[in-house]
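Subject: The structure I promised you

Hi,

Here is the structure for you to look through.

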Amino acid sequence: MMKSTNANNTSLNRPKISVELNEAELISIGKLGKFNSFTVLPSKRHSLKLQYGDLARTWTFSVSESLNTIEFQRADSPVEKKPNQSSLDALKVVSPEQVFACEEDQVYLQQSEDFILLLGRTTRFPLKLEAHSSSMLLVSWRDAHDPVTSPPPEAALCSVFIYHLELGAYVTLSTDTTAAQHYRFTGLEGCTPYVACIEPDVSPSVTCLYTITDPGEPRNAQVTSWNTTQVTVAWDCPRNNKFSFFLLTVLHLNGTEHTVQERTYQHSQQPYVFTVADLPPCSRVQFHLQTVCESATVSRTSRAVMVDGNSAHSAIQSIRQSDAGPENYTLSWTVTDKSLIAVFRVYHQGALHGSTLLTTHTVAGLAPCRRYEARVEAVCGESVVMNARTLQTRTGPRAVSDLLYRADDSTALWSGPSSSSGGAFGYMLTHENGSLVSSGGVAEPRLPLQGLALAPGLPYILQVWGECHGWESPSRAVLCFTTPAGPEVKARQLKSNNSLRSVLAVIVPWRLSDHLKDPKSPTRLELERIVQNKISELLKDFPHPISVGVLAFEDYENGTQAKISVVLNASITDAAVPLSSDEIVEFIQTLSPRGITFKSGMLNWNDPDECSILEPNPCPPHSVCINTLDSYTCVCQKGYYDVSPLLMPTTDCREKGLSTQCYKSLIVGSVAKAYLVGHFGGAVTVVLNDGRCPVLESETLYYVRVPRHPSHCGTNIVVNDTHIEVTNVLSVTTGPEMIITRRDLKVIWKCIYPSSRLVNTKVNMHLDWTSTYSLVEYNSSRILEVDMAVFSDDSYTYSYTHAVTLLPEDFLYLEVALRAHNTFASDLLLEVDTCWATESTNPQDKTKGILLRDGCPVDRTFQWLSVNGAGQTARFSVQMFSMPAGGPFYIHCLTRVCAPNENCTTMCPAEMLSRGRRDIRYIPSAVVTAGPLMVSNISSTGSTHSKRKEAVTLLTVLVGSIGFLVFTFIVVTATKTLLFHYGRVYNQ
C-alpha cells in the first residue's frame with residue numbers, strides 16, 4: 001500500500017481514505033508521503049476494504065502457497081496488472097531496493113495522484129520476526145542499500161513502532177529509534193495481535209509486519225483421578241484468559257520412557273478436564289498440554305506443560321545404595337503406588353540377578369572394593385516394563401583379621417587388602433579408659449606405633465577397619481595390648497612360643513576367579529576346606545602333628561596360574577628346632593604322589609581346569625564352578641542355598657533357599673536354615689499354617705510337603721479379581737532362649753493361576769496387582785481353560801462344529817466349562833454371571849440383547865439345566881431369536897471363578913426377571929463368545945426343535961497361569977443370511 005508522495009496536497013483537497021484488512025483499520029499505520037508496506041502471511045482468505053472518498057470497494061483474496069499465486073474470490077472492480085502514469089511517476093522517485101514493494105504478481109487496486117493501493121507477493125521479507133514469547137517480539141531487518149555501489153551512512157538511525165488493535169483500529173503502543181538492525185519489543189501481552197514497523201531515515205518507505213505473541217502456558221495442570229483403565233487431567237487457562245484452544249497430546253510410554261504411541265486432541269470448552277479411557281492393562285501415559293492462539297494468518301503455541309499421567313505413580317523413585325559389604329551391595333527405592341506393579345526385576349552388570357516384591361534387594365557373591373552397575377525394573381503383568389532406573393554401585397572392604405601387636409618394633413599388623421586393590425584402612429587408638437591417643441588412615445596393613453610415644457607397661461585399645469569408596473568394613477577388629485615394660489618381656493614371649501609355623505606354596509594350573517579372591521565367599525571357603533583336606537591327607541604320617549590352614553590365594557605367572565599359601569603349624573616341644581617348608585616338601589616327595597611335581601621348593605599340583613574346559617558351563621545359575629585338585633564341584637553363591645536334595649538330584653541354588661513346586665498331588669516348599677538363623681541371629685521356631693502339619697528339615701533346609709486337599713494342613717485358597725492363589729504360610733519366630741521378637745517373619749509359598757491379557761475383546765477390568773511385604777515364592781501350574789460350546793439338544797452329546805442356521809422355534813443348548821486338569825484348581829467353582837447377544841464379535845457393541853444378568857435370567861425362555869455356581873460346568877438353554885438389524889448375531893458369556901468356601905450361587909425370585917447379587921463380589925474371569933448364529937424365516941409346523949446338526953465353530957479360551965485369567969473369544973462362523981425378529985431381545 002502506498003500513499004501520496006505529493007507533499008503540497010492539503011488535507012482539505014485530499015479525499016477521506018480508509019483501508020481495512022481483515023476488519024482492522026490500517027490507515028493509522030505508516031506515514032504520509034512514504035511508501036507503506038504491510039506484510040501478512042498466506043492464509044485461506046483475506047478481506048480488504050477501501051473507502052476512497054465516496055468510492056467503496058471490497059476484495060477477497062488468498063495466496064496459494066503451492067502455486068505461489070494470488071487468487072481473488074471477490075473483486076468489486078477489475079484489478080489492473082500495470083501501473084498508470086501517476087503510479088509510474090511516483091515509483092520513479094525511489095528504487096525497488098529502497099521500497100521492498102510487492103515485486104511479484106503485482107495488481108493495482110487503486111491508482112490516483114495522491115494514493116496508490118497495490119497487492120503483490122514478495123520473497124525477500126525485509127522485516128522478519130526472529131523470536132517471540134508471551135511478552136516479547138524480536139524483529140530484524142536488512143539494509144536496503146547496495147553494499148557495493150551505495151554503502152550505507154555511518155550509524156544510520158531507524159525508527160521503530162509497534163501498534164496494537166483497539167476498537168477495530170491499530171493504535172500506537174510505543175516508538176523508539178535504534179542504529180542496530182534489530183529491535184526487541186517487551187512488556188507485551190500474551191496471545192495478542194501486534195503490528196511492528198520500521199522507518200529507516202534514508203529510506204522513503206515504512207515497512208510493517210503483522211504478528212501475535214505467544215499465549216501463556218496452561219496453569220495448575222495435574223492428574224485429578226486415575227485407575228488402571230483411565231486417567232483424568234485438569235488445568236486452568238492462562239492468567240490473561242486469552243487463548244483459542246488447548247492442544248492435548250497423550251503419550252503412551254514404554255519402560256524406557258520412549259513414546260510408542262501418540263494422540264492429539266483439541267479442547268476449548270469449560271471445564272478444562274480431559275479423560276483418556278479404555279486403557280489396556282499395564283498402560284503408561286503422559287500428557288503434554290499447550291495453549292494455542294490463532295489470529296488471522298498466524299498461529300502460536302505456548303511451551304508444553306508435561307503432566308505425568310499415571311507414569312509417575314509406578315515410577316521408581318529415590319533409588320540409592322543403602323548398604324555395602326565386602327561381597328554384596330543393597331539397593332533401596334520407593335514407588336508411590338505399587339498397584340500396577342507385579343514384581344521388581346534387579347539386574348547386575350546387565351544380567352538378571354533376581355526378582356522381588358519388596359523395595360529393597362541385595363546382590364551378593366561379589367568382589368570387595370569394586371564398582372558395579374545395577375538396574376531395577378518395575379514390571380506390570382508378565383513382562384511389561386513400567387519404569388527402569390540404573391545406578392552405579394560399589395562393594396565395601398573386607399573385614400580386618402589377624403590383628404596383632406608386634407612388641408619388638410611397636411607395630412600393629414593385620415590381614416587385609418593393600419592399597420593396590422582399591423582399599424585403605426582406618427584406625428583409632430585409645431587408652432583403656434577410652435580417651436583418644438591417635439586416629440587416621442593408612443594404605444597398607446600395618447601401623448607403626450613408635451612415633452606415638454606410648455608409655456611402657458600401659459594397656460591400649462586399637463580398632464582397625466577397612467575403607468573404600470566411602471564404605472567401611474562391616475565390623476572392626478579390636479586389639480587390647482600392653483606395651484612392654486622392658487627387654488625381659490620380649491624374651492619371655494619368645495620362650496613361650498612352642499608352636500613353629502611354616503608356609504607351603506602350592507601352585508595350580510588354573511586362574512583365580514573373582515569369587516575365589518574374596519576370603520568370605522562360599523566358594524573360597526569351600527576351596528579352602530578342600531585344600532586343607534588334601535594337604536592334611538598327604539601329611540597324615542608326618543613325624544609331628546601338623547594343623548593345616550590356608551593363608552592366601554593369589555595370581556601367579558601373570559594370572560595364568562594360582563598360588564595357594566598353606567600355613568602349617570607343627571607342635572614341637574623343643575622350640576630350638578625350626579620347621580621349614582623345605583622339610584615338608586622333602587617329606588611329600590618321599591610319598592611320590594601322582595600328579596604332583598616339585599620346583600623351587602614349591603608343590604605343583606597338576607590338576608586340569610575342568611571349570612574352563614567343560615562346555616557348556618557345568619554349573620547351574622547362581623552357582624560357581626571350582627576345581628577341587630582332582631575334579632570340580634558347584635558351590636552356591638553367597639545368599640543362595642542348594643535345594644537339590646528336595647527338588648532334583650543336581651545342584652539347584654535358590655536365593656534364601658526359597659523354592660516351591662506345585663505338583664498334581666502336593667505342594668513342596670523350602671527355605672534355608674542358615675538364612676533364617678542369620679536373619680534372627682539365633683535359633684528359630686517354625687510353624688506351618690495352623691500347625692496341623694509338621695515342618696520337615698534336612699541338614700540345610702526347612703521344607704514342607706502339603707497334600708493336595710486344602711483342609712489337611714490349613715492351606716488357604718483365595719480368588720480375587722486378578723488371580724487364584726493357593727497359599728501356605730510358614731511362621732518363623734525366635735527360639736525360646738531369645739527375647740527380641742520384632743523381626744518375626746512369614747515365608748509364603750504360593751501356587752498362582754493368573755490371567756494377564758485380554759485378547760480380541762474390549763471388556764475393561766480394574767486390575768489390582770498383587771503385592772506383599774513378605775518373602776513370596778511363586779510357581780506356575782498347568783493352565784486353566786474356560787470354553788463354551790453349543791449343542792444340538794439337551795443330551796449334550798453332539799456339539800456344533802460348523803456353520804448352522806436354526807428355526808425360530810429351535811432352542812440353543814449351551815455349556816460353559818472350567819477345565820482344571822486335576823490341579824489344585826480342581827476344587828474351584830465356575831459361575832456364569834452374564835450372557836448377552838450382539839450383532840458383531842465385539843462384546844461391547846452398543847446393541848445388546850440381554851439373556852442373563854447377575855446370574856438371573858432376563859429372557860423368559862432362558863432355562864438352567866444345571867445348578868449355576870455349584871460345579872465346574874454350567875448348562876442352560878434359550879430359544880432362538882433375532883437381532884434388530886436382521887443379521888447374524890453372537891452370544892457372549894461373562895464368567896467368574898469362586899473359591900470352594902465361597903457362595904457362588906445366586907437365588908433369583910420367581911416374580912423377578914433379574915436381580916443383582918448381594919452375597920458375593922463381582923469378579924469376572926473370562927468372556928467366551930459363540931457366533932454368528934442365524935435364524936431361518938421358514939417355520940417348521942409340528943416341530944419344536946430343529947433336527948439339523950449344523951455346527952458352530954468355537955475356539956477354546958485359555959485362562960491364567962500365574963496371576964489372573966486370560967480373556968479371549970470362541971467365535972462361531974455361520975453361512976446363511978435370513979433372520980427373524982423376536983420381540984424378547986432388547987436394545988441396550
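Below is what I found in it, going from the whole chain to a few local spots.

Some ground rules: this is a predicted model, where local features need pLDDT of at least 70 and side-chain atom pairs count only at pLDDT 80 or more, while totals for chains, interfaces and linings use all residues. Residues are numbered from 1 along each chain as its sequence is written, and side-chain values use heavy atoms, with hydrogens and water left out.

The protein chain has nine helices and 68 strands (DSSP runs numbered from the N terminus: H or I of at least four residues for helices, E of at least two for strands). Of its 988 residues, 50% are buried, meaning under 20% relative accessible area with a 1.4 Å probe, protein chains only. Take the contacts (heavy atoms within 4.5 Å) between residues at least 6 apart in sequence: 66% of them join residues at least 24 apart.

Now the cores. A nonpolar core here is a set of buried Ala, Val, Leu, Ile, Met, Phe, Trp, Tyr and Cys residues joined through side-chain atoms within 4.5 Å. The largest has 60 residues, and Leu676, Val686, Leu730, Val732, Leu812, Leu814 and Phe889 touch the most other members. Another core, of 32 residues, lies apart from it and includes Val550, Phe553, Leu568 and Ile596.

Next, a sheet. It is open, with three strands in the order β10-β11-β14 and antiparallel pairing; strands pair if DSSP finds at least two bridges between them. At the edges are β10 (127–132) and β14 (182–186), each pairing on one side only. β10 is joined to β11 (residues 136–141) by five bridges, and His132 sits opposite Leu137 of β11.

There is also a hairpin. β43 (residues 596–599) and β44 (residues 602–605) are antiparallel and share four bridges, with Lys599 partnered by Met602 in β44. Two residues lie between the strands, and Ser600 takes a positive phi near 55°.

Finally, is Ser295 buried or exposed? With a relative accessible area of 15%, Ser295 counts as buried. Ser295 belongs to strand β22 (residues 285–295) and, leaving out residues up to four places away in sequence, touches Pro193, Tyr210 and Ile212. Between Ser295 and Thr211 there are 8.4 Å from C-alpha to C-alpha, although they are 84 residues apart in sequence.

Cheers
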